[in-house]
Amino acid sequence: MLKHKVQELMNEPGCSINQSKSDKDRKKGCGKSLVPGAAAGGCAFDGAKIALQPITDVVHLVHGPIACEGNSWDGRNSWSTGSDLYRRGFTTDLGNLDIVNGGEKKLYRAIKRAIARHQPPAVFVYQTCVGALIGDDVDAVCRAATQRLGVPVIPINAPGFVGSKNLGNRLAGDALFEHVMGTEEPGDSGPTDINILGEYNVAGELDQFRPLLARLGIRLRASITGDARYRDVAAAHTARVNMVLCSQALITLARKMKETWGIPYYEGSFYGISDTSEALRNIARLLVERGADPALTGRAEALIAEEEAKAWARLEPYKARLAGKKVLLYTGGVKSWSVIQALQEVGMEVVGSSVRKATETDREKALERLGGDEGKLADAITPRDMYAMFKEGRADMMLSGGRSQFVALKARTPWIDINQERHHGFAAYDGMVALVREIDQSINSPIWARVRAPAPWDEE
Amino acid sequence: MALIVDHNKALSTSPLKISAPLGASLAFMGMKGCLPMFHGSQGCTAFALVMMVRHFREAIPLQTTAMNEISTILGGMDQVEQGLLNIARRAKPEIIGLISTALTETRGEDMAGDVRAIRARNKELDDIAVVDVSAPDFSGSLETGWGKAVTAIIRQLAVPAQGRAPLNRVNLLPGCHLTPGDVEALKDIIAGFGLEAVVLPDLSDSLDGHVPDAYTPTTLGGTSLADIREMGRAKLTIAIGEHMRIAAKTLKDITGVPFLLLDRATGLEAVDRLMVSLSTVAGVPVPARQRRARSQLVDAMLDGHFYFGGRSLAIAGEPALVWTMGKLAADMGATIAAAVTTQALPALGELPAERVIVGDFEDLEDQILEAGGCDLIIANSNARQVASRHGIPLFRAGFPVFDRLGAAHLVGVGYGGTRNLITQLGNILMERPGHAHLEHPHDHSAAAAG
């Protein structure tokens, strides 16, 4: 059954990259193939956890040995404005005897205990490699627990060995669709309710665009899943429009919500000034198409004009300080053209950008921004080459995820975290200004001259 | 005397335990030119890697055999072979640590046999040492994995002296509760006696936080293979922490070098024992520098005891950390209101606490509440939620410490390190004089006195 589900997710027709792939490539999914001894990144369980952990008020219970939860809990920087239950790690911590005797009874007792102690609106149970290998039927335990304990207990069947982090994101989305969405009917659904899919409120980014939506009278019914409450996710089917932020992770969920409840979706991003404007514009358009007050369009345009002008004005002072600085942008490449644009606007030169996960359209846009220089677009840069780029002065700084930070830092080169562990929100207009401010603080820090100077005894 | 209590709960909440494979990989981080690999699904590696990166603020070389659905069913030998060859080709390491995980152990993979077969048919692995370690996640914790890895390295690489002349040397086997800073301090102490030391593993040479001159895909430093082959020529092996006993004994069985197991290297009495042993081995008196340091520690105890007396501490961590910190707290006159650890190590029964719980941070919180509060928590960064919920200061020690700088540089061994700990803990207690829980009607003193 899991195998069937995985194939279905791999075949996602709503994905623009998938459409351009051969049948064979499509079956491999969109995570890179996993090469022993040369692999990077998390497993499917990790991906499922990343996608769902931000739901703040439920118990996230991991059915597996200690590594799966013990080595990772409370490690993701997704914020809550409400409950902090999601920040506790829950696990059955399977031991020797559980492996021999089976862990189903232990799992049931764990669920019961979690509900008794924390009274959550739901429990999410994550299957892992070992649980699957010893044949524990998590689905059955969850069904029994739901019936006997009167609290929804949701199985998340994404053991690590089934594939990459990305596949785990998708399996998590599928679990929400199958078990959670549509189970609550809110009494207050309105014509301007939207969901946002694939936003995890890292460093509180939700609050960089939630106020913009509020000013337009648009209500965020459910954020999937940053700062989410279980009941909001359960009522997500009543929203009028879905906006998909990280399309590779939750596009299948968006498509299924469209097919089942007729909710149209827009794939966009809140990173970069023009992308934010484009997102607001499209949300307004889709809402109007679904019966919201047509004046919304005009109000959105007014807000966009006002906010864009403000943002550009705030970026102005940085131009002199950042002009001509060479930056290497090493992200998944999702919508990186939009960030490229902002960096170029303040006078920086983008010397390279990765397009590992970018769609063909995004790739073209990025290429156009980089003046058609194919050499600046890379799928992946090896750490060795990256180190050389810094040492030889071909890049003055890097924006990337935590994994590559030490390549830059050990080359005594400024670096900023723009991945999930980051501590500053970089979303929407305010976020882009914050990013440029961070870049300025980093690249113009007084330490670089000091740490690059040789020790007195090493001077020529 | 403490009662060791293991509730064996079905639900672990806010786990204290870190997996054994992570501990094993951490030991390999102290091997020179090394790139360890987990035999498991890639998440096992990703989680361990991220945790070590956050703690040490250093790049962590760690690979995965990337087990998938098919290899999980059919067996992972091909994955191991591909992984070893890929690492050999890309990183050219001197040594690869191959560490099993719960996934492959549940399957019952014969990793050692597989490695033999793989080596026989792949010449390009001839110049690379491959040490396999069985350390399933479902058995033991961080300490267990570390101990197993060091034991495996010794068993597979150490050789008898075979007539080679003994050197003026000791072997040092530090436990995983010692930081790179601790190991560096111990090396200095040993050097002060005119002794050479081979440290296995030597995190102070790899994860001490330094800036190398070139990009390296393997560990930045550590114990070399040549060092390990010379361990048989030492006069004595000093192991620190009960979890190093098997490694020390294995080394003795192979090389005949006698060993001394120190339960800790922190606290006046414990450091005295270390000094006497080193003096005996070296055949020289304890150096003036250490005599002075001892006097400085005595002075720090005199100055500091006012702030520890009658105060109650909560400690959570691996057994070696709880033991070391618990003894220090007791030495200084503090009481232990709560002690939580990951394994039922019998020696912890000697701690002056009512109970030592084998459990998690929920147990720590419950114990603190039961005791009516406490003045200070000593634990890793994952105690931060408990600490902030109850407004209790948290002194970060153990692994992982990801929300403070300098986790790798905290020194708590030797006379100087002990003074350092007394100063840091004492300052926190000084800042919050009296009992944090005076307003609480519950009488905690009887419960905490043990």
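Colleague: Which handedness does the β-α-β unit of β5(A), α11 and β6(A) have?
Modeller: The unit made by β5(A), helix α11 (residues 206-215) of chain A and β6(A) is right-handed. That term applies if, with the strands pointing away from the viewer, the path from the first strand over the helix to the second runs clockwise. Helices (H or I, at least four residues) and strands (E, at least two) are DSSP runs, numbered from the N terminus. Before we go on: this is a predicted model, where local features need pLDDT of at least 70, side-chain atom pairs count only at pLDDT 80 or more, and totals for chains, interfaces and linings use all residues. Residues are numbered from 1 along each chain as its sequence is written, while chains are lettered from A and ligands numbered from 1 in the order in which they are written.

Colleague: How many bridges pair β5 and β6(A)?
Modeller: Six bridges, in the parallel sense, pair β5 (residues 193-199) of chain A with β6(A). Two strands count as paired if DSSP finds at least two bridges between them. Within this pair, A:Ile196 is opposite A:Ser223 of β6(A).

Colleague: And is β6 of chain A mostly covered or mostly uncovered?
Modeller: Mostly covered: in β6 (residues 219-225) of chain A, six of the seven residues are buried. Buried means that 20 or more other C-beta atoms lie within 10 Å of the residue's own, exposed means 12 or fewer, and partly exposed is in between, with C-beta atoms placed from the backbone.

Colleague: Switching to chain B, what is the strand order in its open sheet?
Modeller: The four strands run β8-β7-β9-β10 in chain B, with parallel pairing. β8 (196-199) and β10 (259-262) of chain B are at the edges with a single partner strand each, so one side of each has no neighbour in the sheet. Neighbouring strands here are turned by 25° against each other on average, direction ignored; axes are lines fitted to C-alpha atoms, for helices over the stretch in contact, and angles run from 0 to 180 degrees between N-to-C directions.

Colleague: Which helix packs on that sheet?
Modeller: Helix α11 (residues 268-282) of chain B does, touching β7, β9 (236-240) and β10 of chain B. Touching here is being in contact: two residues' C-beta atoms, placed from the backbone, lie within 7 Å.

Colleague: What about α13(B), how many of its residues are buried?
Modeller: 11 of the 13 residues of α13(B) are buried. They pack against α7 (142-157), β11 (312-317), β12 (335-341), β14 (376-379) and α16 (414-431) of chain B. After α13(B) comes B:Gly333, whose phi is positive, near 100°.

Colleague: Why does B:Thr64 count as buried?
Modeller: Because B:Thr64 has 29 C-beta neighbours inside 10 Å. B:Thr64 lies in strand β4 (residues 63-64) of chain B, and its contacts beyond four places in sequence include A:Ala39.

Colleague: How many residues of chain B are in contact with chain A?
Modeller: 53 residues of chain B are in contact with 50 residues of chain A. α2(B) gives the most to that side of chain B, with nine residues.

Colleague: Last one: where does pLDDT stay under 50 in chain B?
Modeller: Over residues 436-450 of chain B. pLDDT is the predictor's confidence in each residue, from 0 to 100. Where it is low, the predicted coordinates should not be read in detail. Chain B as a whole averages a pLDDT of 94, and the model scores ipTM 0.93 and pTM 0.94.
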